[in-house]
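Dear colleague,

Please find below the structure that I am handing over to you, with its sequence. My notes on what was found in it follow.

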Amino acid sequence: MIAAKGYAAQTPGTPLAPWNFERREPGPHDVQFDILFCGVCHSDLHQVRNDWFPGIFPMVPGHEIVGRVIKVGDHVKKFKVGDLAGTGCLVDSCRTCENCRQDLEQYCLNGNSQTYNGLEQDKKTPTYGGYSNTIVVHEDFVLHISKKLDLAAAAPLLCAGITTWSPLRHWKVGKGHKLAVLGLGGLGHMGVKFGVAFGAEVTVLSTSPKKEADAKKLGAHHFLVTTDPAQVKAATHSFDFILDTVSAEHDINMYMSMLKTHGTHICVGVPPKPAPIHPFSLIGGRKSLAGSGIGGLAETQEMLDFCEKHNIVSDIEIIDIKNIQDAYDRMLKGDVRYRFVIDMATL
Ligand SMILES: [Zn+2]
Ligand SMILES: [Zn+2]
């Protein structure tokens with residue numbers, strides 16, 4: 001086994017603290033890479049607190065992981081020592097089910113292996129995430145990261161990036177479409193960047209008028225304050241798509257009134273409670289309410305390659321791992337522009 005160190009929550013809700021643990025020796029198909037940066041996702045905060053479901057503890061969060069390869073197994077073809085590498089929300093899947101065979105490992109029917117707070121495919125070995133110094137992953141679940149990108153700012157592409165990329169691609173959002181991005185946080189700011197890059201006319205919907213300047217700087221064409229009933233009313237039947245990135249409670253019915261006929265409201269954020277939907281919100285205009293979760297491995301690489309070509313990364317604030325609790329507190333208040341990324345040299 002390999003000695004690893006990281007930051008872990010020992011039990012639900014306890015503050016993260018240094019923890020020594022072990023990872024497997026790289027097997028024939030494994031890549032080991034030293035972690036240089038790890039993004040801080042909203043889901044990290046929720047999972048260490050057991051907000052969504054009972055977790056596996058001790059828990060080392062982190063699934064926006066980038067670093068440099070230090071060891072490869074004998075059969076590894078895609079990577080060599082010294083390459084930049086990344087791993088997102090998944091480290092394995094069954095590879096045989098209908099979805100895995102279609103590059104949809106994120107929807108593996110036999111249960112994929114989440115990068116942390118999950119189990120390897122043996123269904124008993126816990127996985128530990130990227131708030132740590134090193135990681136061992138099967139090469140099929142390791143992504144190439146371009147040297148041309150700012151490495152720290154590329155880390156959030158592995159969750160926030162792919163989570164917004166995948167639905168925009170699936171619904172073929174682009175030229176001629178009016179896209180509304182609901183919420184301007186870690187996910188939302190990537191949704192804006194991709195929407196603009198795909199040629200859509202992008203409006204940011206936000207409760208906070210203070211975010212207008214930022215939205216425009218990110219490339220959004222319009223900005224709408226959703227707490228202003230006059231602005232909401234004026235936007236009735238306006239959008240082909242709403243990309244809903246909000247993880248706090250909100251009235252989806254109100255937002256769906258802003259969709260055109262045949263419009264689609266796509267949920268990627270996860271509020272703590274189920275949202276009531278009035279059937280009339282769907283019936284009037286034959287509208288769709290949909291959802292999307294992260295993305296498959298091939299699709300994630302496609303996104304990273306697109307980002308290299310178009311020089312797209314996240315807007316980030318680099319933090320010392322010792323300040324992770326402070327970062328969580330600030331994230332809860334929405335006080336981050338737009339993603340914290342841990343400099344793992346501070347571990
Ligand atoms: Zn995430
Ligand atoms: Zn599968």
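A residue is called buried when its relative accessible area is under 20%, exposed when that area is over 50%, and partly exposed in between. Please note that this is a predicted model.

With that scale in hand, I begin with the salt bridges. Aspartate 335 has a relative accessibility of 36% and therefore counts as partly exposed. Its side chain meets that of arginine 330 in a salt bridge, with 2.9 Å from N to O. Elsewhere, Arg24, Asp30 and Glu120 are joined into one network by salt bridges that share partners. The count of salt bridges comes to 17.

Two further pairs may interest you. In one of them, lysine 322 bonds with aspartate 320 in a salt bridge whose closest N and O atoms are 3.4 Å apart. Lysine 322 is exposed, because its relative accessibility is 56%, whereas aspartate 320, at 25%, is partly exposed.

The other pair is formed by lysine 193 and aspartate 315, a salt bridge in which the closest N and O atoms are 2.6 Å apart. This pair links distant parts of the chain, the two residues being 122 residues apart: lysine 193 belongs to helix 4, and aspartate 315 to the loop between helix 9 (297-310) and strand 16 (316-319). Is lysine 193 buried or exposed? With a relative accessibility of 16%, lysine 193 counts as buried.

Which residue of strand 14 is the bridge partner of phenylalanine 241? The partner is threonine 264.

With kind regards

Notes. Residues numbered from 1 in each chain as written. Chains lettered and ligands numbered in written order. Predicted model: local features only at pLDDT ≥ 70, side-chain atom pairs only at ≥ 80, totals over all residues. Heavy atoms only, no water. Pairing = 2+ DSSP bridges. Helix = DSSP H or I, 4+ residues; strand = E, 2+ residues; numbered from the N terminus. Salt bridge = Lys/Arg side-chain N within 4 Å of Asp/Glu carboxyl O. Buried < 20%, exposed > 50% of the residue type's maximum accessible area, 1.4 Å probe, protein only.
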